[in-house]
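Please walk me through this structure in the viewer, one selection at a time. For each stop, tell me what to select and what is there.

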Amino acid sequence: MHPPKRAEATYAGRFVLSLSFQDLILTLHHYWSRQGCVILQPYDMQVGAGTFHPATVLRALGPDSWRAAYVQPCRRPTDGRYGENPNRLGHYYQYQVVLKPSPDSLQELYLGSLEEIGIDPLKHDIRFVEDDWESPTLGAWGLGWEVWCDGMEVTQFTYFQQVGGFECRPVTGELTYGLERLAMYIQGVENVFDLRFNDVGVTYRDIFLENEREGSEYNFEVANTDRLFEAFRDAVAECELCIERRLPIPAYEQAIAASHVFNMLQARGVISVTERQAYIGRVRDLAKAACGAWLERAA
Amino acid sequence: MADFLLELLSEEIPARMQSKARNDLARIVAECTAEAGLQTGVIDAFSTPRRLVLIVRDVAAASEGSREELKGPRTSAPASAVEGFLRKTGLQREQLEDRDGVYFAVVERTGRDARDILADTITRIVTNFPWSKSMRWGVGSLRWVRPLHGIVAMLGEDLVPVEIEGISSGAATVGHRFHHPGPITIGSAADYLEKLRACHVIVDQEEREQLIRQGSSALAAAAGLTLLDDEALVVENAGLTEWPVPILGTFDPEFLDVPREVIVLTMRTNQKYFACTNDEGLLAPSFVSIANVAAQDGGEAIAHGNSRVLAARLSDARFFWEQDVKIPLEEAAKKLSQIIFHEKLGTIADKVERVAKLARFLVQRGIIEADIDEVERAARLAKADLVTGMVGEFPELQGIIGGYIAAAQGEPRAIADAIREQYKPAGQGDEVPTAPVSIAIALADKLDTLVGFFQVGEKPTGSKDPFALRRAALGILQIIIANELRVSMRELITAAAHPRGADAGREIAGFLIERLKVQQRDSGIRHDMIDAVVAVEKDGDNVRMVRRVEALQKFIDTEDGGNLLTAYKRAANILKKEKWTGPAVMSSRAEQGIPQTGEEDPLVLVEEPGLKEAVAEMASGQAGADLPAEKALITALDHAEPLASAAVDAEDFTAAMAALASLRGPIDTFFDEVTVNDTDAQKRERRLNLLLRFRDAVNRVADFSRIEA
């Protein structure tokens with residue numbers, strides 16, 4: 001297999017190499033595959049970030065080595081803008097890479113991936129700017145940076161210290177690329193919907209504009225909140241059942257489900273500020289219990 | 001003698017942590033070498049995003065040997081005491097010496113090779129560095145701020161060998177991440193800085209800061225613009241770059257209808273760009289960013305990319321602004337009843353009520369001359385911007401956004417200004433509001449915060465001050481003093497107190513005095529001067545107090561003042577030593593705890609007609625004065641006392657000090673020529689009374705006993 005060819009486009013008044021959205025993904029797949037990563041497919045559940053994939057959360061726990069890369073569609077109901085904002089989406093893609101234990105050359109490997117997709121570090125300003133990562137719903141935190149390319153955040157770079165309330169030993173290094181942003185940068189477009197999805201004329205607009213419109217309307221206006229509350233309770237109950245039966249993976253999936261329902265309830269504006277903390281705490285407890293069960297089973 | 005070089009190469013250290021890290025590094029090395037008895041010269045610490053660097057000049061080849069004797073417990077002491085002593089000294093019991101029933105330990109240390117000491121020092125630094133946040137990586141258990149990759153440690157031209165968790169010291173490091181990623185071999189401290197510079201790394205942060213400062217200004221100037229100075233941003237950018245290159249970029253002038261502060265803050269906080277102004281002082285649609293690379297295309301692509309990112313940020317900001325300005329502040333203010341200010345102090349809407357009432361009081365009471373309707377309206381609109389999208393995005397713009405919205409919605413300028421200035425001053429050196437409506441709102445808001453939090457027991461402790469009460473107190477003082485508001489602190493605290501809250505007036509007053517000391521310290525006023533004045537200024541009129549303190553310190557710094565203080569201390573010491581509290585009548589009052597401010601007439605309490613004259617004489621100390629120096633002091637006091645009192649009443653503290661100055665000669669002569677402790681009991685008593693009178697006369701102007709010599 002060979003990496004896909006790059007199309008040429010004009011950028012800042014000159015010809016530069018510029019990848020389509022799908023070639024960007026394929027290029028990253030090839031690159032990380034060469035670094036020994038398992039190239040996984042997206043997880044088949046609704047999540048708010050690529051981190052939620054069990055290939056990151058559960059695999060970050062315990063002593064075993066692990067390397068994986070995958071695209072994860074992310075749903076953030078509150079970020080939806082009915083397709084009217086050029087920079088915000090309620091559904092978008094992250095490219096996620098996890099390397100465990102984090103190698104000494106992780107930064108170099110990452111920078112290699114940027115060069116691979118056409119970002120020349122002697123022409124652009126690449127910087128590592130402090131940004132510590134924390135996920136209250138996963139009981140997880142780590143230290144790292146957001147990586148800037150000419151002032152734009154293109155990647156979140158984190159060394160996991162804890163997941164599900166448990167110490168990570170060895171430490172997992174996590175890279176999360178914001179694919180749309182990165183593609184907008186590489187292609188030099190100002191509106192996410194103008195992104196070339198491939199090199200034969202299909203744009204991001206063609207594929208996702210209607211999704212954004214309908215998704216926003218559903219998330220903000222239509223979703224039945226009674227049923228959502230019920231779904232939350234159901235997910236919690238299923239999770240607890242799975243934990244009781246020592247089934248950490250299904251338990252974790254139910255925690256993810258609860259988390260997404262919570263995000264939907266947020267978008268519907270039916271959770272008050274004080275309740276919010278309680279809901280987050282509830283999901284965290286589920287995630288922690290699933291992580292604990294996973295560790296026990298592995299031990 | 002040789003120079004020691006230490007470089008700790010890591011992944012990017014957060015910019016905000018670098019300054020403390022440099023200080024800690026230098027401190028630990030100074031401590032370790034001092035403990036080991038290793039002589040060194042100057043210690044310099046540097047930082048870049050990827051390295052902490054230390055250069056210690058003139059390190060001795062070895063530490064000096066030492067012999068130390070430590071006295072221990074008695075030989076008869078319990079075993080546990082002896083064991084403790086053994087642990088402390090690291091000796092065995094048979095190594096202790098028994099000297100007349102007491103154990104002594106003689107700890108002898110031979111000189112150690114400097115390289116061994118430095119290796120230990122490096123181990124201590126790497127395994128025990130006080131990072132505010134640190135992490136593990138890979139499979140190791142070492143902690144550092146981000147993964148640590150290399151240690152360069154050279155003493156002179158020799159390697160200082162050390163190995164910590166698989167990281168061995170060596171002579172090799174790397175240059176700039178992109179310009180020179182390959183290894184560089186360092187010869188010694190002497191060539192380190194230059195070798196790194198040749199590889200696009202400027203190790204000295206001050207040099208990078210200077211490059212950023214000058215380069216950015218020059219770039220702006222070349223475009224006919226002026227850079228908006230921002231020293232914190234200079235330091236932050238220096239902490240983000242090893243090879244800083246200023247780049248000029250532009251943004252669409254259409255964005256300039258967004259409030260200036262929003263644009264500046266968006267650039268500063270989100271992008272770390274410097275803002276520029278044009279020759280009229282208006283914000284220009286340009287910025288300077290600091291790249292960490294000398295780009296092959298001269299920075300064209302970087303400038304273009306930076307502009308794009310900023311445009312996206314500014315269109316977000318403009319969206320918020322346009323939404324916010326549509327909603328009348330009065331409408332927005334209604335939502336304040338849903339935001340909790342503090343669980344025991346109610347909602348923001350409750351706070352608005354209290355501030356409005358307090359601001360009205362300030363006007364009605366004549367402390368501030370302002371239009372009461374404007375004050376009321378300003379207070380009611382002041383917090384409305386807390387529910388705007390813009391303040392949600394940039395909380396530090398609270399007040400400023402409200403001010404802009406008020407102006408855009410046609411509120412009178414005094415009200416818009418008062419909303420904008422309500423949080424001012426935000427610390428020492430910040431602008432203090434001077435417009436009447438602004439003063440009323442800014443003062444009332446801070447008073448309510450300070451008094452309220454004290455009443456519910458949320459006081460600052462140590463370094464913790466989550467509600468910024470120190471800043472609020474300082475702001476109160478700054479507003480009162482700068483605007484010469486004549487009001488007693490007690491009255492203000494009472495007016496701001498929640499009727500159902502706890503009584504915290506005394507505590508708040510004390511807290512304010514402490515803040516006054518801190519505030520005045522910056523203008524060179526000593527804290528003991530403030531104590532001396534506070535002791536005689538009971539009602540806490542800060543304006544009066546500060547005037548008095550300033551005059552006092554000026555006086556104490558003069559020769560007359562210094563000598564008078566010495567004489568005062570001498571008099572006070574004699575009185576203390578003799579336990580002399582005055583003639584019978586006076587002392588009984590003192591015992592009852594009535595403060596002797598000297599302003600009460602001691603004769604009031606004297607009933608016996610025949611005694612009156614004698615007591616009066618005794619109290620003045622005049623009866624039977626026989627030495628010229630005594631008489632001269634009495635005459636001087638007779639003259640100075642009324643002058644000083646009148647001057648204090650007229651708040652002419654310079655004149656009050658001048659009156660005291662006139663006592664200096666007579667009191668000095670008195671001490672030269674008069675023996676206080678005369679064998680004649682009557683003389684002794686008379687002279688002690690005279691000293692007492694002198695002391696009290698001085699105390700009426702300021703309590704000199706609180707002034708440190």
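The tour below goes through chain B, with one stop at its contact with chain A.

This is a predicted model, in which local features need pLDDT of at least 70, side-chain atom pairs count only at pLDDT 80 or more, and totals for chains, interfaces and linings use all residues. Residues are numbered from 1 along each chain as its sequence is written, while chains are lettered from A and ligands numbered from 1 in the order in which they are written.

**Stop 1: a sheet in chain B**

Helices (H or I, at least four residues) and strands (E, at least two) are DSSP runs, numbered from the N terminus. The three make an open, antiparallel sheet in the order 4-6-5. From one strand to the next, the twist averages 30 degrees.

**Stop 2**

Move to strand 15 (residues 274–277) of chain B and strand 16 (283–291) of chain B. They form a hairpin with 5 residues between them, and B:Gly281 in the turn has a positive phi of about 80 degrees. The two strands are antiparallel, with 3 bridges. B:Thr277 has B:Leu283 as a bridge partner in strand 16 of chain B. B:Thr277 also stands opposite B:Thr226. Strand 13 (residues 226–227) of chain B runs antiparallel to strand 15 of chain B, joined by 2 bridges.

**Stop 3: the side facing chain A**

Now show both chains. Here 31 residues of chain B touch 25 residues of chain A (contact means C-beta atoms, placed from the backbone, within 7 Å). Strand 16 and helix 8 (300–326) of chain B each supply at least two residues of this side of chain B. Helix 8 of chain B gives the most, with 8 residues.

**Stop 4: two helices**

Finally, select helix 24 (residues 628–649) and helix 27 (residues 681–701) of chain B, which pack at an angle of about 20 degrees with axes 10 Å apart. Helix 24 of chain B is therefore roughly parallel to helix 27 of chain B (angles under 35 degrees count as roughly parallel; axes are lines fitted to C-alpha atoms over the stretch in contact, and angles run from 0 to 180 degrees between N-to-C directions). Among the residues that meet are B:Leu637 and B:Ala640 in helix 24 of chain B, and B:Leu690 and B:Phe694 in helix 27 of chain B.

Definitions and conventions: Angles under 35 degrees count as roughly parallel, over 145 as roughly antiparallel, 65 to 115 as roughly perpendicular and the rest as oblique. Two residues are in contact if their C-beta atoms, placed from the backbone, lie within 7 Å. Two strands pair if DSSP finds at least two bridges between them.
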